[in-house]
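Here is a short walk through one structure. Keep the sequence and the view side by side.

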Amino acid sequence: MRELAGSPGTWSGLSLRVGQLVFAAASVCATASALGFAAYTAFCYLIASMGLQALWSLGLACLDCYALKFKKDLHSAVLVSLFVVGDWVTAILSFAASCSAAGVVVLFDRDIYACRRDPQLPCGRFELATACAFLSWAFSATSALVMFWLLASL
């Protein structure tokens with residue numbers, strides 16, 4: 001089970017972390033560039049959650065790079081347990097933030113038609129930020145499942 005795709009210290013694990021980082025950063029940038037996002041709690045929560053996701057992913061991507069460069073094994077039970085807890089926490093927070101932002105986007109676009117009535121409302125940026133957040137969550141959830149499977153196999 002040591003060669004599990006997506007496990008820490010492998011190229012597939014690094015690609016999962018980079019995917020999380022890229023989409024989380026894109027979500028933060030899209031939300032932060034939308035004027036008036038701070039008036040909506042869901043988008044403030046989205047920035048906080050995606051910021052945490054980006055920092056967590058960056059740290060683990062750097063650790064993966066270190067392990068790949070120096071041929072280190074990151075499969076100790078303590079280290080994998082830390083990865084499991086961190087990945088599950090960030091995955092749950094990312095999913096909650098993505099869903100809350102998606103709820104606001106649907107409310108604006110399909111329920112109260114605020115996007116059509118108010119051209120100043122940056123609905124496109126909110127939609128882009130939400131889509132990127134869901135993609136970041138998909139990478140994060142995949143990583144969390146891999147880490148849990150790896151911990152169970154140790």
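Start with helix H1: Gly13, Leu14, Leu16, Arg17, Gly19, Gln20, Ala24, Ser27, Ala30 and Thr31 are buried there. Buried means under 20% relative accessible area, exposed over 50%, and partly exposed in between (1.4 Å probe, protein chains only). Helices (H or I, at least four residues) and strands (E, at least two) are DSSP runs, numbered from the N terminus. What covers these buried residues includes helix H2 (41-70), H3 and H5.

This is a predicted model: local features need pLDDT of at least 70, side-chain atom pairs count only at pLDDT 80 or more, and totals for chains, interfaces and linings use all residues. Residues are numbered from 1 along each chain as its sequence is written, and side-chain values use heavy atoms, with hydrogens and water left out.

H1 spans residues 11-32. Its 22 residues reach 31 Å from first C-alpha to last, close to the 32 Å expected at 1.5 Å a residue.

Now turn to the records. UniProt, in an unreviewed entry, places "domain: Casparian strip membrane protein" at residues 7-139. That span is 81% helix and 0% strand, and its end C-alpha atoms lie 13 Å apart. UniProt also lists "transmembrane region" (unreviewed entry) at residues 21-40, 78-108 and 128-152. UniProt annotations may be inferred rather than shown by experiment. Residues 21-40 are 60% helix and 0% strand, with end C-alpha atoms 24 Å apart. Residues 128-152 are 100% helix and 0% strand, with end C-alpha atoms 36 Å apart.

Finally, look at Phe148. This residue is found in helix H5. Phe148 is partly exposed, with a relative accessible area of 48%.

Key. The expected span of a helix is 1.5 Å times one less than its number of residues. Contact means heavy atoms within 4.5 Å.
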